Structures are given as structure tokens and as C-alpha cells.
Amino acid sequence: MSFCCGASMIGTKGTLKHIRTQIHNVPILFCPVCHHIEVHYLVENEYEILAEYAHGDGAVEVDFIEYVDGKDHLLHDNCVNHEGEEPMDIVRCQIDMALDLLGFAKSIEDQEWQDQLMKRLKMLSARRDKLKNKKTSKNS
């Protein structure tokens, strides 16, 4: 599992910009709390090589899938959530994990970690409430 600021990251594909080159369909990990993005560790080397070559060739856009193959089925094995899931389910899963971690942080009396988890839970709760309000406004 990949974590960022204590939340498990969501596996997806996205477009990243390397200098002037846009690279599409890059397997990435996305943090639902702080919105941090990183290239999936299984393809990080391939991404760096492709980005350098594409930039060196002066390419404006390239599609990652066209140049790298074979690892797609392994990319999201270590992710708790995936892009295609319902946003509310993702947030609930993140809240559950944060609550589990908070219980452990309390058991080892790590106050700093507890404070970080409480901050994260507030952010996740606000996100959950925003999703609920969005859902109820659509149904009205």
C-alpha cells in the first residue's frame, strides 16, 4: 500500500508534464487528502527514461501506454482504492483506515501522530459532507 500524509493513495492514470512534454496515461498514485501525485513506483524508471527521450526529441505529447507494456496488471495491486470507485466509498474507506490508525496511535501514546490523524479526519469528514451535499442537491 502506498501512503501519503497517512491516507492510502488511489491508483489511477493521468497526464504529467515534463518540461514541455505532456505524457498521457501515466500510472500514478493520488492522495485524496492533500492531492499529492506521484508516478507509480513500478514504472518510475520507465517514466523518467520516456520523459527524457520525449523531451530530447522535442515531442509535445506522448502516450505512456504506447512505449511501456507488461506491468499494467500489477500497478494497482498495492492500492486500497482505485479511480473507478464511487467517491463516497473511497472517502469512507479512508476515514475507516484513519480511525484504525488513530486507535493504534492512542495505544502507543503517540500524540503527534494522533494530532495528524485528527487533522486528516477533519479534512476527510469535510470531503464526505461535501459529497453528501452534492448528492442531495442532485436529487432535489
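## Pocket, salt bridges and loops in a predicted model

Strand 3 (10-18), helix 3 and helix 4 (111-139) each supply at least two residues of the lining of the largest pocket. Among these contributors, helix 3 gives the most, with 3 residues. The structure described here is a predicted model. The volume of the largest pocket is about 210 Å³. Its lining consists of 11 residues, and those closest to the centre of the pocket are Ile10, Phe30, Pro32, Ile90 and Arg127.

**The chain as a whole**

The protein chain contains 4 helices and 7 strands. Read from the N terminus, its elements follow the order β-β-β-β-β-α-β-α-β-α-α. The chain has 140 residues, of which 36% count as buried.

**Salt bridges**

Side chains of opposite charge can pair when their charged atoms come close. How many salt bridges does the structure hold? The structure holds 2, and they are set out below.

| Arginine | Aspartate | Distance, N to O |
|---|---|---|
| Arginine 92 | Aspartate 89 | 3.9 Å |
| Arginine 128 | Aspartate 129 | 3.5 Å |

The pair formed by arginine 92 and aspartate 89 belongs to helix 3 (residues 87-107), where the two residues are 3 residues apart, about one turn of the helix. Helix 3 is also the element that gives the most residues to the lining of the largest pocket. Arginine 92 has a relative accessible area of 43% and is therefore partly exposed. Aspartate 89, with a relative accessible area of 41%, is likewise described as partly exposed.

In the other pair, the side chains of arginine 128 and aspartate 129 meet. Arginine 128 counts as partly exposed because its relative accessibility is 24%. Aspartate 129 also counts as partly exposed, at 35% relative accessibility.

**A buried threonine**

Threonine 21 is located in strand 4 (residues 21-30). Is this threonine 21 buried or exposed? A residue counts as buried under 20% relative accessible area; threonine 21 has a relative accessible area of 1%, so it is buried. The side chain of threonine 21 reaches the backbone oxygen of alanine 59 at a distance of 2.7 Å. Leaving aside residues up to four places away in sequence, threonine 21 touches Leu16, Ala54, His55, Ala59, Val60, Glu61 and Val62.

**Two loop residues with positive phi**

Which residue lies in the loop between strand 3 and strand 4 and is discussed here? That residue is isoleucine 19. Its phi is near 55°, a positive value in a residue other than glycine. With a relative accessible area of 49%, isoleucine 19 is partly exposed.

Glutamate 109 is found in the loop between helix 3 and helix 4. Although glutamate 109 is not a glycine, it has a positive phi of about 55°. Exposed means over 50% relative accessible area; glutamate 109, at 70% relative accessibility, therefore counts as exposed.

Definitions and conventions: Residues are numbered from 1 along each chain as its sequence is written. This is a predicted model: local features need pLDDT of at least 70, side-chain atom pairs count only at pLDDT 80 or more; totals for chains, interfaces and linings use all residues. Side-chain values use heavy atoms; hydrogens and water are left out. A salt bridge is a side-chain nitrogen of Lys or Arg within 4 Å of a carboxyl oxygen of Asp or Glu. Buried means under 20% relative accessible area, exposed over 50%, partly exposed in between (1.4 Å probe, protein chains only). A polar contact is a pair of N or O atoms within 3.5 Å; within protein, one must be able to donate a hydrogen and the other to accept it, and residues adjacent in sequence count only if both atoms are side-chain atoms. Contact means heavy atoms within 4.5 Å. On a 1 Å grid over the protein atoms alone, a cavity is a set of points where a 1.4 Å probe fits but cannot get out, and a pocket is an open set with protein on both sides within 12 Å along at least five of seven lines; lining residues have an atom within 4 Å of a point. Grid points are joined across faces, edges and corners, and a volume is the space filled by probe spheres set on the points.
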